[in-house]
Each structure stands twice: as C-alpha cells, then as structure tokens.
Amino acid sequence: MKIKEIRTRVVEWRGRTVPLPPHFCTNPMDLLSLPAASMTTFTFHGWLIVEVFTDDGHVGIGNAALAPQVTKQVIDRYLKPILIGTDPWDVEFLWQHMYRKTMAFGRQGIGMTAISAVDIALWDILGKSAKQPVYRLLGGRTKPRIPVYASRLYSIELGELAAEAKRYKDEGYKAMKLRFGWGPTDGAAGMQHNVNLVRTVREAVGDGIDVMADAYMGWTLDYAKRMLALLEPFNLRWLEEPVIPDDIHGYAELKSYGRIPIAGGEHEFTLYGFRNLLEARAVDYIQFDTNRVGGISQARKVAALAEAHSVPVIPHAGQMHNFHVVMASLNSPMAEYFPVVDVEVGNELFWYIFKGEPKAKDGFIHLDDNVPGLGVTVNEEALKKFEVTE
C-alpha cells in the first residue's frame, strides 16, 4: 500500500452565524483594550479537511481548525512531496520526516498543526486497512463507553446560563464547563461578575455535578492569584488556561497553591512541550488536542508520559481523533464534548462538516467496534453551505 495523492480543502462557513455578545469569553486579546470585540480573533469559522488516498482505495481523513489557509499551504508545499509514494504503515518514520523537514520554521503552531492533520489521516488509513477502529490499534478499549462533559456555558445573562446548565444536568451529564467573561482590565467589579457566573452554575446543578471553568488564556498571573481565593468555595474540578501557555512558571505557581486544580495544554505541542509542563509540575490535567499536538502519533506518547506522572489526560474538544485516544487510555477518565448548536465561535463546525461524529446520550458517547478507522466521512452535501478552496 502506497500513498498516491493528498487533497487539502479549506472550507469557510457562509451560513448564519450567531453574534457574540460583549464579555462572551475572556481571551489573550483582552489586555490590549481594543475597541473591537476581541473574541472574534479566536473564532474558527474556517476548517481544513485533509484526505490521503492510497493506491488500494483507502482514504484517510484528517482535519485542522487553526489557520486553515496557511496550514493548507504547509501541507501542499512541504509535506505532500515527501509523503507521495510512501507506505502509510511507516507512520512513525513519516511523522519524524515531516517534523524534521519543517523544524526550521515548524515545531509548534501552524507547522505542527499541519503535521497533526496529516498524521490523523494516516491513522485513519491504518484502521481501515486493518479493518479495525483506531482505538484498537492504540491498545483497545479501557472503558465500555466514554463519559463526556458538556462544554459550552459562555458568559451570558445569568438566568439563561442557569437554564442551560440545568438542561445539561437533566440530559445526564455529570460534568460541565463554563467560560469566564471578565479579565484584568475589568478590575474588581469584573472579578465579581466572574464569581457570579460560577455561583450561578453551581447553584443550578448542585454539588453532585463536576463544574470546571475556563479563562482561555485571558488572565495575568496576578489576576489569577486573586481569583483563586474567590473561586475556592465553589469546588471547581479545574481552572483551565488561567494564563498564556508560554508562562509555564505561572501555571506552576498557581498549581503549587493547591486551592483549585489547574488544567492546560490546549495550546502546547509535541512530547517535548508536555515534558516541560510535567517536569515543572505545572498542571493537574493535560488537555492537548490531537489535531494540534502532533496527531495521534504524538498524542499516544504524551498520554503515556502523563500516565507516568499520574496526571490525567482530558483532550481539548470532542471529535473522533480525540475520542479514540481517550478510549485507549485508562489515564483519560472523560472527554470534552461540544453540544450541537448553531454556529457561533466555530468549535461546533465539525458537526456540519463530517458524518459519523457520535452524539452524547446520558452523558456518554459510544465507539463502535465494527467501524474501521476513525469512523468519519466528509459531508459533501453540507459543504454547499461553505466556500471551498482547493
């Protein structure tokens, strides 16, 4: 079996988009006090679809949501030429070739996102070739089904927030995550608004539900330290990305207080990046995204390293590439799950692009032993609502 072609398509959503209200979610742009809504910098209304074709008829599907136009160029110009004619079963060698070929400008960010998308497609091919789901190639089932937490709960009117949280509880979720809406430039009053968000969700669902909260890189270390004391009474399972991902020492300091577990890694890359986090004792939970960290080839290595440090892995976002990694790892107690909603931030676009993504029932998702590969296909009919660039 040899790779004969690689096709990349950028798809830009052209349908209805729900506008984002002020203070919808904190993010790193907030500290600049720009007049425009800063969260628009972190919306993902474009997506990259990668299809790897083999000479015996298999098609592997990968994807990326970060900077899809530029990521496409990296694949087309630098990765595709070294992959054509190779055997996808040599997936480790191919990963190392892509990594070392792009090291001068890659290593992290867009370069690693490109490698991730291709690597996911290669593992999809391996599963289809072996007639097994990918998680079987990674070690098999470690759980009958995957517990998932509802991940939405943005900063909206408190009555609406309470109703949404209560709905997730009624649907059977045992955990859910909210986003903060205020950061350092909003002062002490903003801190109280953040507390009100957490209090509202906690009172809506009670103490028998895990509640997590995400600052999405929007706080400074000083602000985060002040917030810890205010949030401590609400028994959060974790505080996510309180500071920018480069501030490993900031993460470690917050973790050292032991008041609220600290989660991060959504914007970290490769085994080496997570070795630094773990050696610094910077996080209580690791949250890589398989389509950023370096694909399944790196995700499985990071998962093993995290297990050796007794740090659970709960990947960022849903999607099948993350679910297969979670299923094959006893050190991954649950997965993130984005409910199906109208397009807003763009995290939900995979529901519109792919067929086969599992929908949660009673707070769990199931993976089928009889579906080979990752189990997703491109929804070509739905792409009519997108602008497609090949």
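Predicted model: local features only at pLDDT ≥ 70, side-chain atom pairs only at ≥ 80, totals over all residues.
Helix α9, residues 270–279, buries Thr270, Gly273, Phe274, Leu277 and Leu278. Seen down the helix axis, these buried residues of α9 fall within an arc of 135°, so they line one face of the helix.

- An α-helix has 3.6 residues a turn, so residues three or four places apart point the same way.
- Just after α9 comes arginine 281, whose phi is positive, at about 50°.

- Strand β5 covers residues 175–179; five of its five residues are buried, so the strand is largely enclosed by the rest of the structure.
- In a regular strand the side chains alternate between the two faces of the sheet.
- In β5, Ala175, Lys177 and Arg179 point one way, while Met176 and Leu178 point the other way, and all are buried.
- Lysine 177 of β5 stands opposite serine 151.
- Together, β4, helix α5 (residues 158–170) and β5 make a right-handed β-α-β unit.
- Strand β6 (residues 210–214) runs parallel to β5, and five bridges join the two.
- Alanine 175 has aspartate 210 in β6 as its bridge partner.
- From β5 the chain crosses to β6 through helix α6 (residues 187–205), and this β-α-β crossover is right-handed.

**Aromatic pairs**

- The structure holds 15 aromatic pairs.
- In one of them, the ring centres of phenylalanine 24 and tyrosine 154 are 4.2 Å apart and the planes lie at 10°, so the pair is stacked.
- Phenylalanine 24 lies in the loop between β1 (3–13) and β2 (46–54), and tyrosine 154 lies in the loop between β4 and α5, so the pair ties together parts that are 130 residues apart in sequence.
- Both phenylalanine 24 and tyrosine 154 are buried.
- Tyrosine 149 and tryptophan 238 form an edge-to-face pair, with 5.6 Å from centre to centre and 80° between the planes.
- This pair links distant parts of the chain, 89 residues apart: tyrosine 149 is in strand β4, and tryptophan 238 is in the loop between α7 (221–231) and β7 (239–240).
- Tyrosine 149 and tryptophan 238 are both buried.
- Ring pairs also link Trp47, Tyr168, Tyr173, Tyr337, Phe350 and Trp351 into a cluster.

**Charges over rings**

- Arginine 179 lies over the face of tyrosine 154, at 4.8 Å from the ring centre.
- Tyrosine 168 is itself one of the residues in the aromatic cluster.

**Tyrosine 78 in helix α1**

- Tyrosine 78 lies in helix α1, which covers residues 68–83.
- The relative accessibility of tyrosine 78 is 30%, and the residue counts as partly exposed.
- Leaving aside neighbours within four places in sequence, tyrosine 78 is in contact with Gln73, Lys101, Thr102 and Phe105.
- Of these contacts, threonine 102 is 24 residues away along the chain, and its C-alpha atom is separated from that of tyrosine 78 by 7.4 Å.

**Positive phi in two loops**

- Lysine 131 has a phi near 60°, a positive value in a residue other than glycine.
- Lysine 131 is found in the loop between α3 and α4 (134–137).
- With a relative accessible area of 66%, lysine 131 is exposed.
- Tyrosine 216 also has a positive phi, near 45°, and is a residue other than glycine.
- The loop that holds tyrosine 216 lies between β6 and α7.
- Tyrosine 216 is buried, with a relative accessible area of 8%.

Technical notes: Residues numbered from 1 in each chain as written. Heavy atoms only, no water. Buried < 20%, exposed > 50% of the residue type's maximum accessible area, 1.4 Å probe, protein only. Helix = DSSP H or I, 4+ residues; strand = E, 2+ residues; numbered from the N terminus. Pairing = 2+ DSSP bridges. Right-handed = clockwise from strand over helix to strand, strands pointing away. Arc of directions from axis to C-beta. Phe/Tyr/Trp six-rings, centres within 6.5 Å; stacked < 30°, edge-to-face > 60°. Lys NZ or Arg CZ within 6 Å of the ring centre and 35° of its normal. Contact = heavy atoms within 4.5 Å.
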